Amino acid sequence: MNRWDDRYKHDRYFYGTEPNAFLARQYTVFEQSPHVACYAEGEGRNAVFLATKGHQVTAYDYAQEGLRKTAELAAQFDTVVETKHHDLLNDTIEPAQYDGAVMIFGHFAKDQQLHVLEQIMTSLKPGGIFLMEVYEEAQLAYKTGGPPNIDYLYAEETLRDWAQQYEVLHFDCVEVTRHEGVGHKGLCKVVQVIVKK
């Protein structure tokens, strides 16, 4: 059992059951996106939220326990989310199959971050929308969530440079407050990105 399975095996939802606030505020960007993929989706809170808004949603995660709880949460909300056990670092994703994609606090080592982002963008059809919120390097000082290792946080300028190859609909590096289960609590520094392929 990997550490994520161990984190998610309990009855409580580690990051809560409410959607991420940035996604909840910006979800209408997916109005023309019938099929949305949620990557590094954990226990399913964002995928289930989008499913309740009428989207066909596929949730990808490395942790089987997270996917199990995603299905349970979807049932609680009387909706359905397709789940796929997937390693974003080593498994390939079929190209051009989704109209939209989401990754909320999907953290990987710096030498893997751009590879993961390109995997996600490859999975989008032309015109597809990608939304993400991740912790910026400065988050290390806040100690309110996210990896306690700067190598797993994102550099604002790296993401800004990466985003320029697409149509940038939103880009911000900002202090926000996040209260998401027991995993994210309080003021934090995030990068928020919405791009169109």
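A residue counts as buried here when its relative accessible area is under 20%. That cut-off is applied to a predicted model.

In the unreviewed UniProt entry, the annotation "domain: Methyltransferase" covers residues 40-128. This span is 38% helix and 25% strand, and its end C-alpha atoms lie 18 Å apart.

Aromatic contacts come next. A pair of aromatic rings is described by the distance of the centres and the angle of the planes. A search of the whole structure finds 6 aromatic pairs. One of them joins Tyr60 and Tyr98, edge-to-face, at 6.1 Å centre to centre with 85° between the planes. Because Tyr60 lies in strand E2 (residues 56-61) and Tyr98 in strand E4 (residues 98-104), the pair ties together parts that are 38 residues apart in sequence. Tyr60 and Tyr98 are both buried. The ring pair between Phe130 and Trp162 is also edge-to-face, because the planes stand at 90°, with the centres 6.3 Å apart. Phe130 belongs to strand E5 and Trp162 to helix H6, so this pair links distant parts of the chain, 32 residues apart. Phe130 counts as buried at 0% relative accessibility, and Trp162 is buried with a relative accessible area of 6%. Tyr39, Tyr60 and Tyr98 form one aromatic cluster.

Trp162 leads on to helix H6 (residues 156-163), whose buried residues are Leu159, Trp162 and Ala163. These residues sit on the same side of H6 because they cover an arc of only 95° around the axis. An α-helix has 3.6 residues a turn, so residues three or four places apart point the same way. The cover over the buried residues of H6 includes helix H5 (110-122) and strands E5 (124-135), E6 (167-180) and E7 (184-196).

Note on methods:
Residues numbered from 1 in each chain as written. Predicted model: local features only at pLDDT ≥ 70, side-chain atom pairs only at ≥ 80, totals over all residues. Heavy atoms only, no water. UniProt positions renumbered as here; feature names shortened; annotations may be inferred. Helix = DSSP H or I, 4+ residues; strand = E, 2+ residues; numbered from the N terminus. Buried < 20%, exposed > 50% of the residue type's maximum accessible area, 1.4 Å probe, protein only. Arc of directions from axis to C-beta. Contact = heavy atoms within 4.5 Å. Phe/Tyr/Trp six-rings, centres within 6.5 Å; stacked < 30°, edge-to-face > 60°.
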